[in-house]
Amino acid sequence: MSDEILRELTEKFTAAYGRAPEIVSYAPGRIEVLGNHTDYNEGYVLSAAINFGTYFAVAGREDGEARLTAGDLMETVRFPVAAPERSSDAMWSNYVKGCLAGLSERFGAPARGFDAMFLGNIPLGSGLSSSAALECCATFALSRLYGWEPSRLEMAKIGQRAEHEWAGVKCGLLDQATSVFGEKDSLVMSDFRSNEFKPVSFPADVCFLMCNTHAKHALVDGAYNERRERCERAARFFAAALDHPVAALRDVSWDEWLAHRGEMDELDAKRSAHPIGEDERVLAGVDLLREGDAAAFGRLMFESHESSRVYFENSCPELDTVVDAARGIPGVLGARLSGGGFGGSAVVLVNRRDAEAAAAALRSAYAHRYGEPCDVRLVTCSAGARIVR
Ligand code: ADP
Ligand code: MG
């Protein structure tokens, strides 16, 4: 949360619409800490809501018009509140319209329109999920404005659907769930079979550095689909080979993978090793956090990255450069890629007292290899989406 952004938003809103906002909400971005590509294998993820987020200010109108302004671009779109349509130029508006459409489907279209504006400090498109933050803060504010009371899980799902159907991104539920279920000083433990989200308290003397490489490797969609297919085929193999039910890779243990890998298609074996190993690392990680063992937790993060690099092959030289550099930096406990992979960001676990020095060392190690430093931000585990006014 940032009082400065809240103040700027309130001022810009008042200047643009000639009155103060009635309601202001806030939703944070997120980092994925452990459990990579496990969500569509019905597995587990440890993630965190972060100290960067988006505010959404709104006031009701007497007529049926909706006016929506992106506060940093100062671009406004207008549409009938009861019939939003997908915009092909103001892409940013689709995330909000999609949430309004989802809420209207659930609660009935509103008769009264609104004036709204949003503003935040999450770097866009860097793997911190600015899109989920926008969906979640919009859903919170509009629900409050119209007196609707969706559950937190419903709000996350409305955001996910907006992303699928209005922004054209087939994401899992992780980003939105973390944004709504995040808690201060805690990670979120997600179970993507039962859709349960629980806080796990996080040691106070460590924090994260998020390193954005800005790398974007081609063929990401094709590579993503290949990984999903291999995981599904591997699950079918284990369903036939094991004498207990296997609905998804979540049901296969690492020991079972070791015992049967030689009988499988070689690439199916390799790909499936990653989500299977990640599930076990998440469960082990939760135990380690309960014991307060951040150092051992960090080692799991390094193992997770190694599994991405070797088995899932969703790392890239830029991410490997960050993780390799992190291994040699004093105070660093762990590092891994965060999110889909093939570029984007790496997350580094570091002792709080060493965080500034480690950030500088990471920037310079990256610059040494690529000429430009990667973008490093200090990230702390923060509270989830809420109404702030
Ligand atoms: P990520 O979610 O990792 O940041 P995405 O590509 O999923 O990356 O979402 C980024 C998009 O979300 C932006 O291109 C923009 O359309 C929209 N968006 C999110 N937050 C804002 C904001 N504060 N201002 C304008 N657009 C935003
Ligand atoms: Mg996104």
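Reader: Which polar backbone atom is 2.8 Å from an oxygen atom of ligand 1?

Author: One of Gly125. The model is predicted, so to speak of local features needs pLDDT of at least 70, and side-chain atom pairs count only at pLDDT 80 or more, while totals for chains, interfaces and linings use all residues. Residues are numbered from 1 along each chain as written, and ligands from 1 in the order written. A polar contact here is a pair of N or O atoms within 3.5 Å. A backbone N or O atom of Gly127 lies 3.3 Å from a ligand 1 oxygen. For a polar backbone atom of Ser129, the distance to an oxygen of ligand 1 is 3.4 Å.

Reader: How much of ligand 1 does the protein bury?

Author: Accessible areas use the Shrake-Rupley method with a 1.4 Å probe. Ligand 1 alone exposes 570 Å², and the protein buries 78% of that.

Reader: How many residues surround ligand 1?

Author: Near means a heavy atom within 4 Å. There are 14. H3 gives the most, three residues. Helices are DSSP runs (H or I, at least four residues), numbered from the N terminus.

Reader: At what angle do H8 and H9 pack?

Author: Axes are lines fitted to C-alpha atoms over the stretch in contact, with angles from 0 to 180 degrees between N-to-C directions. Helix H8 (residues 266-291) and helix H9 (residues 294-312) pack at about 175°, axes 9 Å apart. Angles over 145 degrees count as roughly antiparallel, so H8 is roughly antiparallel to H9.

Methods: Heavy atoms only, no water. Polar contact = N/O pair within 3.5 Å; in protein donor to acceptor, adjacent residues only side chain to side chain. Helix = DSSP H or I, 4+ residues; strand = E, 2+ residues; numbered from the N terminus. Parallel < 35°, antiparallel > 145°, perpendicular 65-115°, else oblique.
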